[in-house]
Structures are given as C-alpha cells and as structure tokens.
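Work through the following exercises with the sequence and the structure side by side, and try each task before you read its solution.

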Amino acid sequence: MITGDDPDAMSWRHSAEMYSDADADAAVLYDLLNSWGPSDDFCLSCVMDAPSVLDVGCGTGMLLHRAR
C-alpha cells in the first residue's frame, strides 16, 4: 500500500516534473523503431469494440491516437 509518507510514492509523484522535450523525442524515436504491426491491429480491434476504455498512460500514445 502506498501512503503519503512512502518515499517511493513521493519520488514517483515528483518524477513527472522531470519530463522534458527530450522525453517526447524519445517517444517519437520509439514509435519509429517499433512500427505498427499485427499485434497492434489486434489491440486496436479490442479497443474499438469495447464500450469504454481506460487509458493508463503506459506508452507513447500511438494506439490511442489511432483509436481516436
């Protein structure tokens, strides 16, 4: 369980402040090196068939962009 005094939780919360344009560049590079494939088509079909979707922000946003 994460509490307000948990040092790991605090470092996680403050890590969001450390993102920069370099992180965005890394995401673009990741998407270039890991192009869309059959597994992404499968995931997209699951998203499109679902009545609702929760995006937890794990990734570069390529799937969500296509779903929109």
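The exercises below go from the whole chain to single residues.

This is a predicted model, in which local features need pLDDT of at least 70 and side-chain atom pairs count only at pLDDT 80 or more, while totals for chains, interfaces and linings use all residues. Residues are numbered from 1 along each chain as its sequence is written, and side-chain values use heavy atoms, with hydrogens and water left out.

**Exercise 1. Find how many helices and strands the chain has, and state their pattern along the sequence.**

Begin with the rule: helices (H or I, at least four residues) and strands (E, at least two) are DSSP runs, numbered from the N terminus. Counting in this way gives four helices and zero strands. Reading along the sequence then gives the pattern α-α-α-α.

**Exercise 2. Find what share of the chain is buried, and describe its accessible surface.**

Buried means under 20% relative accessible area, exposed means over 50%, and partly exposed lies in between (1.4 Å probe, protein chains only). By this rule, buried residues make up 9% of the 68 residues in the chain. Accessible areas come from the Shrake-Rupley method with a 1.4 Å probe, and for residues only the protein chains shown count as cover. The accessible surface of the chain comes to about 6000 Å², and 60% of this belongs to carbon and sulfur atoms.

**Exercise 3. Decide whether Ala26 and Leu33 are buried, partly exposed or exposed, and place each in its helix.**

Ala26 lies in helix α2, and Ala26 counts as partly exposed because its relative accessibility is 44%. Leu33 is also found in helix α2, which covers residues 21-33, but Leu33 is exposed because its relative accessible area is 63%. As a further step, compare positions in sequence and space: Ala26 and Thr60 are 34 residues apart along the chain, and their C-alpha atoms are separated by 9.3 Å.

**Exercise 4. Determine how many disulfides there are, and examine Cys43 and Cys46.**

A disulfide is a pair of cysteine sulfur atoms within 2.5 Å. By this rule the count is zero. Cys43 is in no disulfide, since the nearest cysteine sulfur, that of Cys46, is 6.3 Å away. As for accessibility, Cys43 is partly exposed at 35%, and Cys46 is partly exposed at 41%.

**Exercise 5. Find which residue lies over the face of Trp36.**

A charge sits over a ring if NZ of Lys or CZ of Arg is within 6 Å of the ring centre and within 35 degrees of the ring normal. The residue is Arg66, which lies over the face of Trp36 at 3.9 Å from the ring centre.
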